[in-house]
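Please read the following briefing alongside the sequence and the structure.

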Amino acid sequence: MNAGDRVRVERAAQTYEGVLLPSSTPEHLVVKLDGGYNVGIDREDASVDVLESDVYDVESAQDEQSQSAIEFDDDLPTVSLISTGGTIASTVDYRTGAVTAQFDAEDVLRAVPDLAGMANYRGRVVANILSENMTPAVWQDLAQAVHEEIEAGADGIVVMHGTDTMQYSASALAFMLDTPVPIVFTGSQRSADRPSSDNVMNAVSAVEAATSDCAEVLVCMHADESDDRCALHRGTRVRKNHTSRRDAFETVGAKPLGEVDYDIDGGSTVTFRREYVERDAVDLALHDDIETDVELLKFSPGMDPSLLEAAAEGSEGIVIEGTGLGHVNTDWIGTIEDLDIPVVMTSQCLEGRVCDRVYDTGRDLLDAGVIEGEDMLPGTAKVKLMWALANSDEVADAMQEPLAGEIQQRSTPWL
C-alpha cells in the first residue's frame, strides 16, 4: 500500500474509498474521497484493501507545487498580492493531505494557475491570521503595505482576506487611503480541497478588477451560486449576509457597483453600473491614524442602560445599532446625554436611513447629542468613527459627510 493507490478503508462500521495520500503521522491514513474531500482515519482497527495501484502520481504533484510560474512581461500590468490570511490561496499539502494556506506570489500562482499571464505579480504577507482575529493594528499595517506597493509602481492591489471580517478591513482602507489604483479584497468561502471551492474564480476576477479603471476599495466575491459572475461591491457598503454560501456578500441599499463576467478560458470582462472614482483621479495619500477605543452596541428590548455605561467606560466614542429609524428605549436618553463622547446612531434595518426627527424619541435623542449615522452600515460606522476621531477636528460633521461612498445621498429604489 503506497501513496497514490486507490484504496477502500473500513473502520468502525464506516467505509471510505479513494486515493491514499501521504500522512504526516504513522498513526493515520489520509484518503482523498471521490467527491474531492480529504478524510483522516485512525489506522488502529482499520482494514485496508488496495483496489488499484499507482492511480495518482503524488510525487509529480509535489514537484509541480515546488515550481515557480512567475515570469515578468513588460506588456502586462503589475498587481500586488497582499495576504492577511484566509483560505483564498489555500492548497492541498501532499505531505499531510491537509489544506494549508499559502501566502507568497509564487504560492498563489501554484494554487491558482489561472492567474498566470494576466499580470506581473508581487507578493507580500501582512498577517497570517483567521479573520476573526483581525485588529485595527493590522488594518494600519495593511494600509501602510498597500501604500508602499502603490508607491513602488503597482497598477492594482489584491488583498487576500478571510471573509468573516472582510467588510471591516475594506472599510478601514477606504478611509485610510486616497488611492489612484484599484484596491480589491477577495476571499474564499470554501477551501481548495472542496470541489465547489470559489477560490479560483474569485482570485481571477479580483485581478481583473485590480487592472480596471475603478480606483476604489472593492470587495470581489461570487455574485450568485453559479460560476459565471463575481460582484464588485464598494468596500464601505458591503455586508456578509450568509455564513457559507459562495454569494454571501451583498451591497446594502443598491445593486453591486459592478461585476466581472468570468470566462474560464480567459477574456473575463469588467463592467460598472454607477459612477466611480477613476484611475489616477486622486493622488496617493495615507491617513492611517485611528482611535481604537470605540464600541459598537446593539440595542434590544429590555436592555439595561447600565450596559451602555459599561461600554462607554474608557471609550472615546460609541456607535449604537438602534431600532427602526434609529431609536432606543427612552430610559437610555438620559444616560446618552451624560456621556462626554460622540454617540452615533445607526439602524438594525438593512435598508433605509436613520431619521430621528419623526418621533419624540428620535427628537429627544438629537437633543441629547446623538449623531445621526444616515444610512451607514453599523460596522462601517464604527470603523469611520475610529478614523474620524483621529483625523477630524469636527467628528460630528465628518460622520455625516460621505467620504468613501459609505453614505448614499438619499434612499432610492435599487439601481
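Cysteine 214 counts as buried in this predicted model, because its relative accessibility is 0% and burial is assigned under 20%. Cysteine 230 is likewise buried, with a relative accessible area of 0%, and a search of the whole structure finds zero disulfides.

**Cysteines**
- The cysteine sulfur closest to that of cysteine 230 belongs to cysteine 220 and lies 4.2 Å away, which is too far for a bond, because a disulfide requires the two sulfur atoms to be within 2.5 Å.

**Aromatic pairs**
- The structure holds three aromatic pairs, one of which is formed by phenylalanine 299 and tryptophan 332.
- The ring centres of phenylalanine 299 and tryptophan 332 are 5.1 Å apart and their planes stand at 90°, so this pair is classed as edge-to-face, a label given to angles over 60 degrees.
- This pair links distant parts of the chain, 33 residues apart: phenylalanine 299 sits in the loop between strand S20 (294-298) and helix H6 (305-312), whereas tryptophan 332 sits in the loop between strand S21 (317-322) and helix H7 (333-338).
- Phenylalanine 299 and tryptophan 332 are both buried.

**Lysine 384**
- Lysine 384 lies in helix H9, which spans residues 378-391, and this lysine is buried, with a relative accessible area of 0%.
- When neighbours within four places in sequence are left aside, the residues in contact with lysine 384 are Phe175, Met376, Ala398, Met399, Gln400, Glu401, Leu403, Glu406 and Ile407.

Methods:
Residues numbered from 1 in each chain as written. Predicted model: local features only at pLDDT ≥ 70, side-chain atom pairs only at ≥ 80, totals over all residues. Heavy atoms only, no water. Helix = DSSP H or I, 4+ residues; strand = E, 2+ residues; numbered from the N terminus. Buried < 20%, exposed > 50% of the residue type's maximum accessible area, 1.4 Å probe, protein only. Contact = heavy atoms within 4.5 Å. Phe/Tyr/Trp six-rings, centres within 6.5 Å; stacked < 30°, edge-to-face > 60°.
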